[in-house]
Structures are given as C-alpha cells and as structure tokens.
Amino acid sequence: MPAKKAADDAGTTAGKAAVGKVADKPAVTEVAAKKPASKPAAKKAAAKKAAGKGGAENGVVEKPAAAKVAVGKPESRTALVRRARRINRELAEIYPYAHPELDFENPFQLVIATVLSAQTTDLRVNQTTPALFAAYPTPEDLAAADPERVEEILRPTGFFRAKTKSVIGLSKALVEEFGGEVPGRLEDLVKLPGVGRKTAFVVLGNAFGRPGITVDTHFQRLVRRWRWTEQTEPDKIEAAVGALFPKSEWTMLSHHVIFHGRRICHARKPACGACPVAPLCPAYGEGETDPEKAKKLLKYEKGGFPGQRLNPPQSYLDAGGRPAPPLGAG
C-alpha cells in the first residue's frame with residue numbers, strides 16, 4: 001500500500017507540473033476531483049464543452065482542453081486520425097471560401113505564377129503577373145520573349161533574373177515537349193524548369209482537379225505544431241499527412257491549413273487566444289493567449305485587411321474579404 005500511494009502521489013505531481021499555468025491551485029483541484037460533480041459544476045462543464053467551437057470566435061479559448069492533448073497519454077493512431085480530421089472539419093467551417101491565393105485564368109498562368117511565388121508573397125506575384133500575361137499570354141509568346149524585358153516586369157518579385165530564366169525555360173519546354181499545353185501528370189510537371197512537387201500539386205489540384213497536398217512553409221509549420229507528424233522533409237510530410245485523410249480531401253486540406261497559417265497561426269506570434277481550433281492543438285500557448293491581444297494579430301479578412309488576390313473568388317468577397325490593391329496603389 002505505501003508503494004502504491006507513492007506512485008499515485010508521483011503521478012499527481014507529474015500531472016500538475018505538465019498542466020502548469022492552467023491549474024495554479026492544485027490543492028483545490030485535487031479535492032474537487034474526488035467529489036461527485038455538483039449540478040452547477042456539471043452545467044458549467046457542459047456549457048464550456050458546447051462553447052468549444054464558437055467560443056474562440058468571441059475571444060474565449062478553453063485552456064484545459066488545449067492542454068489535454070499535450071499532457072495526456074501518448075496519442076494512438078486512431079485518436080490522431082480523428083483529431084486531425086476534426087481540425088480539418090473545423091477549418092472548413094472557419095474558411096469555407098479557402099482557395100489558392102494566386103490569380104490565374106488557366107493552367108499556364110497558374111504554373112508560371114506558382115514558380116514566381118518562390119521567395120516572395122502571393123500578393124507581390126498577383127500584382128506583377130497582369131503585366132506579364134498581358135505581354136506574353138501564351139507559352140509560345142513567353143518562350144520567344146526578350147529576357148531583359150521579362151526581367152524588368154518580374155523585378156518586383158525578387159530574384160528576377162533567375163525567375164526570368166525559369167519561366168522562359170518552362171515555356172520553351174511546354175512548346176517543345178507538350179505542344180504548348182501544361183501537362184496534367186505529376187511526372188511530367190516536375191520535369192519542367194522551376195517546377196517541384198509543391199508547384200506540381202498546386203497546378204494539379206487547382207487547374208486539373210486532381211488531389212494533391214501542397215507542403216509549403218505554412219503547412220509544414222502547422223502540421224508539426226498539431227503533431228500530425230514529426231517529419232521535416234516535404235516529401236515525408238506529404239506522405240505522413242496524406243495517410244491521415246482521404247485522398248479526395250487533400251487539395252482543400254492544403255488550402256485550409258495554409259489559410260489558417262497565414263491568418264491566425266503565424267510563425268513568430270501565433271494568435272492562440274483567437275484560434276478556433278485551440279482546444280485541439282497541443283501547441284496552445286506558444287503564442288499570445290490573451291483574447292484581445294490575440295485579435296490584434298489576425299491578418300487578411302480575419303483582421304479586416306485586404307487579401308492577397310486582386311481578383312478573389314466571389315465566395316471570399318461574400319464573406320467580407322477585400323481584394324488586394326494593384327501594384328503601386330499602396
């Protein structure tokens with residue numbers, strides 16, 4: 001019996017240390033745990049549970065629920081799949097208008113815009129491509145372009161000489177190898193200059209309707225924060241996360257995660273106190289937890305600011321989103 005009591009005491013101490021700031025009155029918590037819940041306490045617990053999803057929208061995040069994932073027993077594979085899919089369902093409700101944040105009208109424009117988005121923002125690309133596609137609307141046109149003229153157009157995107165070489169080389173490959181058409185197969189796309197798996201899946205998912213996971217910096221950061229995977233290499237992240245979801249959900253999953261990373265779950269200052277999926281997040285507390293302070297960290301339509309596309313989908317505008325300004329307009 002003494003050994004059992006010591007073990008129980010050790011377990012209780014470890015639990016208190018893990019919860020940390022969430023439970024700063026351990027003595028009261030321990031006694032309360034041994035007593036049957038009173039009716040008012042039961043009602044309060046039920047109300048908190050019911051408010052879980054909508055509470056974050058009002059600036060309320062349930063701290064114990066967020067910490068529960070981190071301090072509980074090791075998560076089983078089944079539990080991980082359920083939690084990951086629930087997060088995606090929540091994100092689908094938060095961002096029903098999620099979409100690729102590059103302006104494009106056809107597969108050629110999308111593949112060029114995606115190549116140009118390296119080392120810059122989608123906003124800057126969207127402000128630059130109207131002039132590019134006005135001057136060179138087809139692969140044949142861009143393949144025959146004067147590099148110096150293209151460089152001047154692409155200068156605002158940064159690394160403009162390397163990008164000019166890539167987009168002209170890509171266009172020549174499309175003309176010479178694919179009859180001026182963007183191929184709809186992964187193995188063909190990754191052969192094009194400047195096109196890797198990430199770019200290929202953006203094109204396949206959004207221009208051809210073929211499911212793919214886009215592992216950009218936001219996606220990598222969030223799936224590790226959520227402990228969907230511990231992998232750090234993009235292709236391994238792609239495989240690990242893809243195994244958690246039906247293939248049919250891959251493209252929209254990518255949009256949901258990237259939207260969330262750009263608006264709420266930032267790299268340096270995640271807005272934990274304004275995050276609707278905080279109760280499901282093992283990393284809750286890495287960022288600002290005060291609801292009012294967290295709200296000030298929200299970006300784009302969630303913070304009342306213009307988005308990244310000059311021509312966003314109508315669903316985005318209907319949800320209160322605002323178009324980005326053209327280049328030079330502010």
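Author: Welcome! A nonpolar core is a set of buried Ala, Val, Leu, Ile, Met, Phe, Trp, Tyr and Cys residues joined through side-chain atoms within 4.5 Å, where buried means under 20% relative accessible area with a 1.4 Å probe and protein chains only. This is a predicted model, in which local features need pLDDT of at least 70, side-chain atom pairs count only at pLDDT 80 or more, and totals for linings use all residues. Residues are numbered from 1 along each chain, and side-chain values use heavy atoms, without hydrogens and water.

Reader: How many residues has the largest nonpolar core?

Author: In soluble globular proteins, nonpolar side chains tend to be buried together. Here, Leu-91, Tyr-95, Phe-219, Trp-226, Trp-228, Val-241 and Val-257 have the most contacts (heavy atoms within 4.5 Å) inside the largest core. Its total is 39 residues.

Reader: Which element gives the largest share of this core?

Author: Helices here are DSSP runs of H or I, at least four residues, numbered from the N terminus. H6 (77–94), H14 (217–225), H15 (234–242) and H16 (250–263) each give two or more residues to this core. The largest share, 6 residues, comes from H6.

Reader: Which helix gives the most to the lining of the largest pocket?

Author: A pocket is an open set of points on a 1 Å grid where a 1.4 Å probe fits, with protein on both sides within 12 Å along at least five of seven lines; lining residues have an atom within 4 Å of a point. The largest pocket is lined by 31 residues, with Ser-117, Asp-122, Lys-198, Asp-216 and Arg-262 nearest its centre. H7 (107–116), H13 (197–207), H14 and H16 each supply at least two lining residues. The most, 6 residues, come from H16.

Note on methods. Buried < 20%, exposed > 50% of the residue type's maximum accessible area, 1.4 Å probe, protein only.
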